[in-house]
Every structure is written in structure tokens, then in C-alpha cells.
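This report looks at a ligand site and then at a sheet with its helices. The sequence and structure come first.

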Amino acid sequence: MKHFLNTQDWSRAELDAVLDEAAAFKASPLGQQMAGKSIALVFFNPSLRTRTSFEIGATQMGGHAVVLAPGKDAWPIEFDFGTVMDGEAEEHIAEVAMVLSRYVDLIGVRAFPKFVDWSVDRQDKVLAGFAKYATVPVINLETITHPCQELAHALALRERFGKDLRGRKYVLTWTYHPKALNTAVANSALTIATRLGMDVTLLCPNEQYLLDERYMGWAQQNVAESGGSLQVSHDIDAAYRDADVVYAKSWGALPYFGNWEAEKPMRETLKHFIVDERKMALTRDGGKGLFSHCLPLRRNVKATDGVMDSPNCIVIDEAENRLHVQKAVMARLLRG
Ligand code: CP
């Protein structure tokens, strides 16, 4: 069964074909690629963009989307195996995934980490459970990676720079946020930027903010294959200098996972990682570097109003592209 769990599972040719098809959907949005077909969108966490763009995308292709929130409007689900289910869960992922597969043609799953124990969360059990038992393709709507966001970001960069992104200086910068957030988008940005052959700098305050070894490893593997490069920097100005792209995200330091009060004193000293006009002025051609972020974004915490309102800010294009790339992913999976 072909799923879309991570871009790393798909070949470069497949990803390029999806991006080409997404561009075609952007030019001509309506079709019947999903006529008579449906998708279940299973949300364990809130969403604005993902939910809206998948629902609208299915409708624009003549299909239908059903949104479910287990524990709220659907039964709570058990994901462990061999457990005595005498807690909150009313049914097991085995039955949930197999039953949904009898009704729908695709299943999308959003399940953020529980933020208690990274060794557990990094197993991505919810997504893995759906993928194991579903008999229809499963799409990752953000768990510990966010592959749909990767594609939307890639399409936005292609729109500005053309299809060949090799040699572009790409900065993935950590930013301050009052809460310790998911590493999913950072893992994904590192994955797709290295896959596309860019010269990638991971800018973070110190070694404690490095990403999980799985994603650092994917990035190393990608640069070896794509001809790009990867470096880690803690020097803000050096990282921004001559950058073609600055992509911002906040995330919790993995050594403090589940012990966030202990991270907080360090985090509170790092507000200067905000993306501001002074830093963006260091980017290519006297400040013409592109800025993006997956959204939602707290203005004047992660990035200033001036950066967000700049013509070089492509966050809205990237958010729009979620619709187009996801239609391309759904159409491709339905074609088998
Ligand atoms: N970027 C993104 O996935 O947005 P939502 O959380 O609103 O879906």
C-alpha cells in the first residue's frame, strides 16, 4: 500500500511530478479526479490550514471529506498492542483503520507528540497504526514531520526561483516562542531543503536545539545524493548573510523533552532569535532574501510585522500551496 507518510519515502521523480501536478491544479483548480471518492481527515489536534485545504481540495476534485476528532466527536482510540483497554479508549486502531477503509478511499491523520517522552513520540505510533491497518492510502497531516507543508514550501520556492533550487542558500532558523513546540516542521524543512540540493544552514541557539538524529541523518543522506550541503550554525549574522531563503520555526530542545520547565530559563534568554528587518537586510542582494514560515505565527515574537508585511515574505503563497499540493497527492494516491 502506497502511503504519503514522509517525503523521504517517495522518490525525487515522484516529488517533482507531484509539484508539477500541483502547479497544474493551481492554474486549473476544478476537476473530477476524486469523483465518487472520499477522504477521512482524522484530527487529534487543532488546524486551520490543513483542515480547510483538504476539505476544499476534495470538493474541488469532485470528492468528499469527512472530518473526525477522536475523543471529541469520535470514540477515543487505543494505539498500543496487547493492552487491557480499561482506560479512556473505546476502540483499537485495528478496528478504526479497517472500518474507515471500508468507507473511504484515503485517510489523513494529524497527531502531534504527547510532549512527555521523545523516545515514545519519535515512534509516531498513531500514524504508524493507521498505516499498518488501513487498506487505503494514509496521508500524514502532521505528526513528527509535516510532508504536506514541505511540498507547499517547495512549490512556493519553485515559483520564485524556478525548478532548480540547487546552490540556493537556505537558512532554517530556530525562533523563540513561549511554549516548547513540535519539531515536525523543522524536521521537514531540513529534509526537503537538503533533498532539493540547497546549501542548508540549520541556525539554532546551541547544540541542545539540534534535531533528532533520524532527521539530521536524512539531511546528510540527502546532501550526499543531491549535491547540496548542510551546516549547523549558532552565529545569527553569519547564517543570514547572503541567504536566498530564511525559513523560521520554533521547537523545544529535545534534551528537555517532557521537562519543559527546566528548558524555560534558557529559552527566555533567546528572544533575540526573532526574524527582524535588521537580520533580513543581511540576506541576498541587500535584503532580497525570501522569508517563510508554516503558520500559525505569533507576530513580533517569531517575526516582526515588518518582515511579515514585506514583499519578500511568502507565507501566504506557501499556505495557499497547501491546497494545490495536497490535491496532487490525493489524486496521485487515488490513481494508485
Ligand atoms: N501549517 C499548518 O499545518 O497549519 P494548521 O496547523 O492551521 O493546519
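This is a predicted model: local features need pLDDT of at least 70, side-chain atom pairs count only at pLDDT 80 or more; totals for chains, interfaces and linings use all residues.

At C294 the backbone is involved: one of its polar atoms lies 3.1 Å from a nitrogen atom of the ligand. The protein buries 94% of the 250 Å² that the ligand exposes when taken alone.

## The shell around the ligand

T50, H146 and C294 belong to a set of residues that surrounds the ligand, together with S47, L48, R49, R110, Q149, L295 and R322. By class, three residues of this shell are nonpolar, four are polar and three are charged.

## The sheet

Five strands form an open sheet in the order β9-β8-β7-β10-β11, and their pairing is parallel. Strands β9 (229-233) and β11 (290-292) are the edges, each pairing on one side only. From one strand to the next, the twist averages 20°.

Within the sheet, β7 (residues 169-174) and β10 (residues 245-249) run parallel and are joined by five bridges. Here T173 stands opposite A248 of β10.

## Helices on the sheet

Helix α6 (residues 147-161) packs on the sheet and touches β7, β10 and β11. The direction of α6 makes about 160° with that of β10.

Another helix, α8 (residues 213-226), lies across β8 (199-203) and β9. Helix α8 runs at about 140° to β9.

Notes:
Residues are numbered from 1 along each chain as its sequence is written. Side-chain values use heavy atoms; hydrogens and water are left out. A residue is near a molecule or strand if one of its heavy atoms lies within 4 Å of it. A polar contact is a pair of N or O atoms within 3.5 Å; within protein, one must be able to donate a hydrogen and the other to accept it, and residues adjacent in sequence count only if both atoms are side-chain atoms. Accessible areas come from the Shrake-Rupley method with a 1.4 Å probe; for residues, only the protein chains shown count as cover. Ala, Val, Leu, Ile, Met, Phe, Trp, Tyr, Cys and Pro count as nonpolar, Asp, Glu, Lys and Arg as charged, and the others, Gly among them, as polar. Two strands pair if DSSP finds at least two bridges between them. Helices (H or I, at least four residues) and strands (E, at least two) are DSSP runs, numbered from the N terminus. Axes are lines fitted to C-alpha atoms, for helices over the stretch in contact, and angles run from 0 to 180 degrees between N-to-C directions. Contact means heavy atoms within 4.5 Å.
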